[in-house]
Every structure is written in C-alpha cells, then in structure tokens.
Amino acid sequence: MPVDIFPKVGDPAIYVAQPYGGMDPAQMEGYLTYYYEYHFLYITGIDRIESKSIQGAALMKLVFKEGTDMAQAAAETVGYVNRARAFMPPGTVPPFITRFDAGSVAVGQLVFSSTTHTQGELQDFALNRVRPLFATLPGVSAPPPFGGNQRAIVITLDPGKLKQYQISPQEAISAVSKATLVMPSGNMWTGKIERIARTNAALGGNLSELLSTPIRPVSGTTIYLKDIGTIESGTDVITAYAHVDGKRTVYIPVTKRADASTLAVINAVKAAIPDFKKAVPDDVDVSLQFDQSPFVTNSLRGLIAEGLLGAGLTGLMVLIFLRDWRSAVIVIMNIPFALLSAVILLWATGQTINIMTLGGLALAVGVLVDEATVEIENIHSLMLPGVSRARAVVEACSRTAMARLLSMFCILAVFVPSFFMVGVSRQLFVPLSLAVAFSMIASYLLSSSLVPVFSTWLMREAHRGEEHEGIFGHLRTFYERYLRLVLRFRWPLVLVYLAAAFGLLYVLLPRMGTELFPDANAPLLRVRLRAPAGTRIEETERIVLHALDVIKKDAGNDNVQITSDFMGVVPSSYPVDLIHLFTSGPQEAVIQVALKPDTPRGEALRERIRADLRRELPDCQVSFEAADIVSQVMSFGSATPIEVAVQGPSLADDYGYAEKVRSELAKLSFIRDLQFAQEYNYPTLDININRERAGQFGLTMADVVRSVVPATSSSRFTEPNYWRDPTSGNAFQIQVELPQNQIQSVDEIGRLPVMPIGRPEMQLDNIASLKMGTMPGLIERFNGQHIISVTANIHGITLGEAAIKLKQALAGAGAPPRGAKIVMKGEIPPLEQTISGLRTGLLLAVVAIFLLLSANFQSMRLALSIVLSVPAVLCGVLLMLLATHTTLNIQSFMGAIMAIGIAVANSILLITFAERFRHENRPVMDAAREGAASRLRAILMTAAAMICGMAPMAIGFGEGGSQSAPLGRAVIGGLLVSTFATLTILPSIYAILQGRAPVTFPSLNPMDPASRYYEAQ
C-alpha cells in the first residue's frame, strides 16, 4: 500500500502559468489575464478563478466544485486557453497548464553544487541533463531548477560605441536577426542520391563568426558587430538567486504528485542519485536535502508504536480483570486478525497508509477487544463448575450476539455522517472512518467465530474466580449497595446530572480554542522576507545573508542543520515554477532552515527571530510560513493562517479600504507579521514618448520602444532568434542586450540613441520625458475583480479564537466602498467549514444512534436512556482537553465521536441485561440493579482496556506525537466521565423511564409467547 502523511486533500484545481517576458503587471493583467478569465468562466464545474499578475508572468488558479470530472475540466481548459490566445498580443507563447493539489508539496530539494562551475552551468546541467532522468521517476513532479536562468547566447552592446557610430540598439538587433536565421534545409538530388541541403545561415559552433556581421556602412567604412559589442555563451538576465548554507547554487524541488506516496518518491530519488551524478561532470555534486521522509516515517512509526503499546496495555487490563492468561491471549489474538482484515479492505478501497488511517486503526485497537472481551467475560460468568466449556461458549454467544451487533452498529453509526460531509472534513474523515469500520466489522465476525473456537479449545473446564468471589466479588457487592443508595435518590440525581452536563457544555464550548490540525512542531522554519519594493536582487542577496546570520544566532549555530533560500522572481522562461514557490519581485525572498531534532523550537523561537530581524533589518517585512509537510498540506496553499481580502472593481478604493482594515488588525495584540500581500507602490521609470515630436523625425513608437528594450531587458522577447549547440544538439536563444552595470541612471538611458539613420542629436530624451513613478507590483484578481489582501500570523491564541476577534475588529473598519466586499481567505474558511461539518456530523450521529436503538428495542424510552449518556461523554472530552491545554480540532473531534460510540456500546449492554431481568418479572429497581451489577466487570474492563490502549497516543511519544495526542486525550476524557455516568446515572434513568413500562414485548406476532397478542394453541 502507498504510504503518506495524509490522504488526498484539497480542492480540485488546475493552474495556468502564462509567461511574457518584460510585460509589466498591468499589461499582463489587461492583455492576457483578463482574456483567460473571461473564457474560463465557460468551463463546466468552475467554482472560482484566482489570478496573480507580476512583471513577466501571470498565474491563474482554477478551482472546481467537488465531484467535477477533472479530465473533462482539463480538456475544456486547454480548449479555452487556445481560444483566449487569439485575442492576445503577438508573441504570446502558450501557457503551462497543470494539475496541482494541496497534497502536491515539496518533500525535499535536489541540490547541485560545485566549486569550479558557474551558476549558469549548474542550471544547464540540472535542466538538460538531470531533470530528464528525475522527471521520469514514478510519482515525481519535476519543475525546472530554481536559482539560475536559461542558457543563452548573449550579445552585449557597448553604449559608448553605439553613440560613437550613431547606431541604435534596434539597428544592431535587426542586423543580428538577418545574420543568423533558422530556415528549412530542403533536399538536393545528385545523380541517384538525395542529399539534405544545408546552409550556414544559422550560427554554428564558432560564436565569434557572428561578430563579423555588418551593421551599416558609414563614410565608406563598414561597421561590424565586433565594433560595438561582444558575444558569449551565458544566461538570460539574472532575476533570482538560490543559496544552500549561504552559497549560491541551483536546486530542483522534489515535488510529489498528489496521489503519490512521499516515502516511495523519496526512496526513488535516493536510488537514482548515482545516475544523476553520472550525468554531470565529476566536480559537480548532486545531493538530496531537506528530506521530509524521516518526519513522515517517524510520525507513522510513532503511531504504530503507540498502537502496539496500546494493544499490550489492553491485554494487560484484560489479564488483570479476568485473571486468566488463556483468556487474555484469546482476546489479544483477535487484534492482529482484525487489523489485517482492515488493512486489506483499505487497500481494496484505494486508501493509503497515512496519519488518518493509522489513527483509525490505533483508535480501533481498544474497541477491537471490546467484542472479544464481552464474549470472554460472559463465558467466564456462565462457566461454573459442572458446566462444560462448549455449553458455556454457546450460551454466552447466544446471549451477547444481538447486544454486540447493536453495539457495533452504534459505533459505526457515529462515523456514517463523515460520508455526508464536504470539503476538508470529508477528505480527512472518510479514510479514518473506513479504518475503524473495517476493523469493527472484522472484530465482530472474528469474536463470533474465532473467539468461540479458541475458547472451547483453550479455556479451563471450570472457572473458580467467578464474579462473586475475590476482589471483583467484593467490588460487585460494594457496587450493589452503592446502587441501592443511588436508586433511592434517582430523581434528584438525574436532574442534577442533566443540569450539570448541559450547563458545563454551555460554559465550556464557547471557551474551547479551535484549530484545524494540531501543530506538528517540526524542526523546520520558513521565513518570507520582503525588502523595500524594487530592491535590486544583489542587494536582496546581501539582506538575506544577514538575515540568515540572525536566524542562526537565535537558533544557535550548532543547532542549525542546513539552510536554503530563494530570492528574486522566477525567470519568465520557467513560469511553472511560480506554482511551487511564488515570489512577486526582486525584493522578495523565502528562507528555509532545518534545525537539529533536539533543538528548542516553536513560537518562542519565532518571536525571538521576529524581534531580532526587526531590529537588524528595520526596512524589511518578515512573515513566518508553514514549513513542514503537515503544515503545508493543512494550510491548503495559504501562506499565513489569516488573510483578509478586500474585493472590488476599483483597485484604488480597495487599497484605501484595506488600509483601514490593516489599522484595525494592528490593534489586536495577538497579530504578528501584519502586511499587505500585494505591493501597491512598486517604483517605475515612466518613459512618456511624445508621438508628435517622434513623428517629426520619422520615428514610430515601435522604432523607439524596440531601441529601449535591450537597455531594460533583452531582445529575446521582441526578436526571437536561436542557436543550436552542436555538442548537445539543444537549441538556445540569441539575445541582444546592453550591460546593466552601464545603464543605471535616468541620464544614461536618456542618452540612448533611437534614430535608425544615425542622427547624432536624436537620443531618447530628445523625444521623451523620463520621470520616476509607482505602480502595483502584484495585481491579484478573484473571480475577475481586484483584491487587496492583508495577511498575518497569530501568537498565543488559537485560530478559532482569533477568527472571532478578527470579525469584531473588521466591524471597526466601517462599511466597504460601493461594490467592494471583504472576503476571508487563509485557513479560517476551511476551519469554519470543518468545525461546522463536525458539529453537524456529531448531531447526525446521535440522531442515527437514537433511531437505531429505537428500532432495535422497539422503545423510544430505552433509546433515550442510552442517548442521555452522550452529554457525559462530551463533558469528559472538554474537561480533559482543558486540563491538558488541548484544542478542539479534527483529531479531538474524532476522539469525541469515538468515545460516544464506546459509551453507547457499554450502555447498550447494561440496558440489555436490565431488560432481560425485567422481563423475568423482577421489579424495575431490582432489574436496574442486577443489570448494572452483572455488567460491572465487562464495562470496567472495556473502559480500562480502551483507556490504557489510548494512553500512549494521549501522551504523544515520538516525533509527530502531538498530532495524534488530542485524539487519545478526547477518548480517555470521554470514557472516564461516561463510565461513571453509565454505572451511576444510567440505572437511575432506566428506572425512571421504565418504571411503568409493560413487561410484554411490542411484538405483533400471535405465535410469539412474549407478545401481548400471543394465542396459545
């Protein structure tokens, strides 16, 4: 079976990544994003469209309604992409279209390092040699490498020489385009031979040949390309850097597909690393870093260890209560057979081994012994001296068969609502529910077949430690006296119980902190750092290295295992990388730090790092993000837990109102890392060309702009040209550009020659005004409307508590502008959806149990008496969570649901036996007392076995133990209180409700002696 950390989670989504190098964010939005969004609305099953437009790229996320046929959705997306491109500017290349779900997260980094090769060479090795091997590994989704840029043949023009020879950059580009071009080769017949006709129109292996390209004759002298520029095999303009341990490098994220196993992917990568090393020069090292498989392995191993320890403790409890090692062995033997059956059925239904299914199996361990324990305990009670084993086994099986079946159905009933949930709740609970259900069904079948056989073979002929002897005999005698006193005050006791239970629920529930999933507390840190808008990539690199020193100092240099960072923006040649790691400009960086396992970590460390970074880098913004695989999956793509988006038609109005929202949120003491997700005032150089003046000199806008492009970017996007590497056979672009280090002021770009006929007085500042300005650096849209998002982390408070205070704070911002509204994003919407689904599921479970019991007992009063044990369970759960400072989350909710099922099962046994005594014409008080006393050992044994089985999980041993601990704590708390209520309150409730009930069964069968309509023959 595939092994992973989670089952498949997240909304069904398709990403469309559109590059267009050099286009500013507003151009990307208007000329490309808009047309895509317009056409995507036609796709069947579309739920929402989210888009981000930055310079050179646009990223669109298409989220579909649950149940959508994603194969059809992908086909329709491709079709509408092709139609939308017909409306776009010339030169628009087709976008990348890919599926990418919440489960498709990076589980490691394939790092390339060398002391002799440049970053551009490492990029080429990673992209063209290793990636073809890497991408074909099963389950791997291999994006292009991070940290470098695409290899290119770079022609660098000298601005001084251009001015000297009165040549504009556009002239040089045109000359290069005519000097090397790709043309069809064709064929030639020579006698009986057909030959391929080749020309050297395209540049060959000798790059310097291109320098002999003539540009324009001046005064009888021909000007060549070598007179105004140089040529080299380099890379496109660098827009990003990557570091590992502070050194520049290149890495490929090891990203698994949503349906792939984390461990299988990592193992496949590790096995393939020798092949990767063979594909690159000897002095290039390829290694796997930030491997998250140990975290997955340790988490799963911890769950398995907790389950095994729980099974051992469960067997010990059975041995203590029954005082017969043979009986304990029979009970314990039921566990592996039931679990094996469950695993086979999980495999057959397409499930994986993950935290949820393993949690379900671990949760089921305590319940699995319930069926066998009840059977064995009843056999002990009947197997008195003189009664054969076989007869005692048959009698015990017949007495408990219906009660055990009903108990199993009630436990299964609490999980049925998970199949009617939606979104995250359903994706997480269905695998767990199936694990428990399959285990319970197998346990019932085994306890009805295997246990009786083993009991007949192994148990002793006569059992001397019967219920009325020894310690348990004394305990039963004391309990019977206790019940007489309790039943005497049954009315006030029941009223006090109900008032106290519902009062506690009313007081405690609103005070319980809620969150989606417990904090994994993994030894990983992830920090997004933003320098002032427009900061050059080289300056951002200096800031990042300083930030790394601060983080290492706070964590302790000896405690840091490895660091990694990526700064800048993904090159427009690789827009698909934006799906894996989105950055909006050269000022932005993402830093990852892996700490050693025993290093102190958590919110205290993050607070210390925040404070020191704020002091050392006062102009920078810092935000912590989900770092480990659990947190990344459960954040569903959200960078921070809190994201408040202002959505409306006017970007200026949205930003103005978002400022008010930000001011209100800043007043909340628990808010950290508060900032805007979008940079609204990104610096620009506005080149306003005077059309009339340009026309007077015979210049068009195209002439002027094409001369400016090489100074601000390169010709690769305006005049595509290609060169084939004769060694590798791969083709790379030829691009013409001006050296960035010589064009670093407004005056220098203003002196750029733009006159194709070479008039010396015609330069850019003669026909255009140049001034500084600002514009949005990132433009986001949600369903076609602009949004401005305020993001934040929380400190010292749960997400549920933060959501309540957040909504109260938003009211202080006043009404949004006309046409605008607030949209909650981040982790709050999935949390509210999950909690709502769980509450509804819990209510449906109680209703289902009530109806099931009513149908079985043919009595709503008996069903009500059993269901009234549920408030005790919930009170026990809440009290335990409060005592252990645990939140209400997915795990604790599931523990509560399981505790309800077990408490109901115990109550069913007690009521069943009490009813049997009542139908033997005993007074209802005696029936209640005898029914409870006869089930005392079984109930105590079942509860003790379950509590001991859950104890290792509740303590949370090992890595990842904090994630499953709430489940065990909820079960233990619920069982502790519900067991007391079952043994104390339930007999009183039964005595009250059944005090005047008829003894006859409600059967209508005249042949049934127990029916009031019985007719004797």
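Which helices each supply at least two residues of the nonpolar patch? They are α8 (293-322) and α9 (325-348). The sections below start with the chain as a whole and then come back to this patch.

## The chain at a glance

Welcome to this structure, which is a predicted model. The chain has 1017 residues, and buried residues make up 57% of them. Its secondary structure comes to 32 helices and 28 strands. Taken along the principal axes, the box filled by the C-alpha atoms is roughly 130 × 75 × 60 Å.

Among contacts with a separation of 6 or more, 81% are between residues 24 or more positions apart. The accessible surface of the chain is about 42100 Å², and carbon and sulfur atoms account for 58% of that area.

Let us return to the opening question. Helices α8 (293-322) and α9 (325-348) each supply at least two residues, and α8 gives the most, with three.

You will find Leu-319 in helix α8. Is Leu-319 buried, partly exposed or exposed? Its relative accessibility is 32%, so Leu-319 counts as partly exposed.

## Aromatic rings together

The structure holds 13 aromatic pairs. One of them joins Tyr-34 and Tyr-35: their ring centres are 5.1 Å apart and their planes meet at 65 degrees, so this pair is edge-to-face. An angle over 60 degrees is what puts a pair in that class.

Tyr-34 has a relative accessible area of 38% and is partly exposed. Tyr-35, with a relative accessible area of 25%, is also partly exposed.

## Charges over rings

Which ring does the charged end of Arg-151 sit over? That ring belongs to Phe-732, and the charged end of Arg-151 is 4.7 Å from its centre.

Another such arrangement involves Lys-226 and Tyr-224. Here the charged end of Lys-226 sits over the tyrosine ring, 5.5 Å from the ring centre.

Definitions and conventions: Residues are numbered from 1 along each chain as its sequence is written. This is a predicted model: local features need pLDDT of at least 70, side-chain atom pairs count only at pLDDT 80 or more; totals for chains, interfaces and linings use all residues. Side-chain values use heavy atoms; hydrogens and water are left out. Rings of Phe, Tyr and Trp (its six-membered ring) pair if their centres lie within 6.5 Å; planes under 30 degrees apart count as stacked, over 60 as edge-to-face and the rest as tilted. Buried means under 20% relative accessible area, exposed over 50%, partly exposed in between (1.4 Å probe, protein chains only). A charge sits over a ring if NZ of Lys or CZ of Arg is within 6 Å of the ring centre and within 35 degrees of the ring normal. Helices (H or I, at least four residues) and strands (E, at least two) are DSSP runs, numbered from the N terminus. Contact means heavy atoms within 4.5 Å. Accessible areas come from the Shrake-Rupley method with a 1.4 Å probe; for residues, only the protein chains shown count as cover.
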